Amino acid sequence: MKSYHHGDLKNALIEAGIALLYEQGKEQFSLRKVAAKCGVSHAAPYSHFQNKEALMEAMQQHVTKQFVQVLQKTVEKHKNDLDIMLFLGNAYITFFMEHKTYFSFLYEHSGLQFDFSEDGIVNNMYTPCTIFKRAAFELMEKIDFPKEKRIDALLAMLVLVHGITAMLTTQQITYEGDWKNILKNSITANALFAGMIQKRRENI
């Protein structure tokens, strides 16, 4: 049986829980299985978590804390850059590409609610979402982007970034290209597509 330092066991259980959900789904999730995955006794997790729900809450906080740190660091580094949303989008994708199990956990099993409607995005107070929104709206204000189009633009950004991340982290999908350029290429493609539509409308 693997020996853990007292402080390390808690994080080991958290990471094992996230991995277990990714591999087997919520129906198979239990403290007993998490303990077995860590190579500790079935009673060991109870020194840190009262039940599996408490472990799930700790898992959500564990992922969110790291996600927030990545986004905040990106904002601090690129806050005066007009391409800040590209940098934020890439940070979003990179974080989950480096931790694929986190994406599945956060959006399928964590218990957090993510409503991608207009009202859902605007009223969502989840910290990573708030960081993304604030950066987007500050940029739109800076470039005098039409106020009536800002919500739709924000939704488009979030859906694009989230969709790319979902594709790249899904076990059933294989992508062998350079994913680090995929967001930039998608933005370019969308801009070209929008331009084509506008040009067609003008010619009708």
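**Helix packing around α8**

The crossing of α4 and α8 is right-handed. This description rests on a predicted model. Helix α8 (residues 150–169) also packs with helix α5 (residues 100–109), and the crossing of α5 and α8 is left-handed. Two packed helices are described by the angle between their axes and the distance between those axes.

**α4 with α8**

- The axis of α4 (residues 84–98) comes within 9 Å of the axis of α8, and the two cross at roughly 25 degrees.
- Because angles under 35 degrees count as roughly parallel, α4 is roughly parallel to α8.
- On the α4 side, the contact is made by M85, G89, Y92, I93, F96 and M97; these meet M157, V161, H162, I164, T165, L168 and T169 of α8.
- By class, the residues of this contact comprise 9 nonpolar and 4 polar, with no charged residues.

**α5 with α8**

- The axes of α5 and α8 are 9 Å apart and form an angle of about 120 degrees.
- That angle makes α5 oblique to α8.
- K100, F103 and Y107 of α5 meet H162, T165, A166, L168 and T169 of α8.
- This contact divides into 4 nonpolar, 3 polar and 1 charged residues.
- H162, T165, L168 and T169 of α8 take part in the contact with α4 and also in the contact with α5.

**Helix α3**

- Helix α3 covers residues 52–78, and at 1.5 Å a residue its 27 residues should span 39 Å; the end C-alpha atoms are 39 Å apart, in agreement with that expectation.
- A side-chain oxygen of N51 lies within 3.2 Å of the backbone nitrogen of E53, at the start of α3.

How values were computed:
Residues are numbered from 1 along each chain as its sequence is written. This is a predicted model: local features need pLDDT of at least 70, side-chain atom pairs count only at pLDDT 80 or more; totals for chains, interfaces and linings use all residues. Side-chain values use heavy atoms; hydrogens and water are left out. Axes are lines fitted to C-alpha atoms, for helices over the stretch in contact, and angles run from 0 to 180 degrees between N-to-C directions. Helices (H or I, at least four residues) and strands (E, at least two) are DSSP runs, numbered from the N terminus. Angles under 35 degrees count as roughly parallel, over 145 as roughly antiparallel, 65 to 115 as roughly perpendicular and the rest as oblique. A crossing is left-handed if the near helix is turned anticlockwise from the far one by less than a right angle, and right-handed if clockwise. Contact means heavy atoms within 4.5 Å. Ala, Val, Leu, Ile, Met, Phe, Trp, Tyr, Cys and Pro count as nonpolar, Asp, Glu, Lys and Arg as charged, and the others, Gly among them, as polar. The expected span of a helix is 1.5 Å times one less than its number of residues. A polar contact is a pair of N or O atoms within 3.5 Å; within protein, one must be able to donate a hydrogen and the other to accept it, and residues adjacent in sequence count only if both atoms are side-chain atoms.
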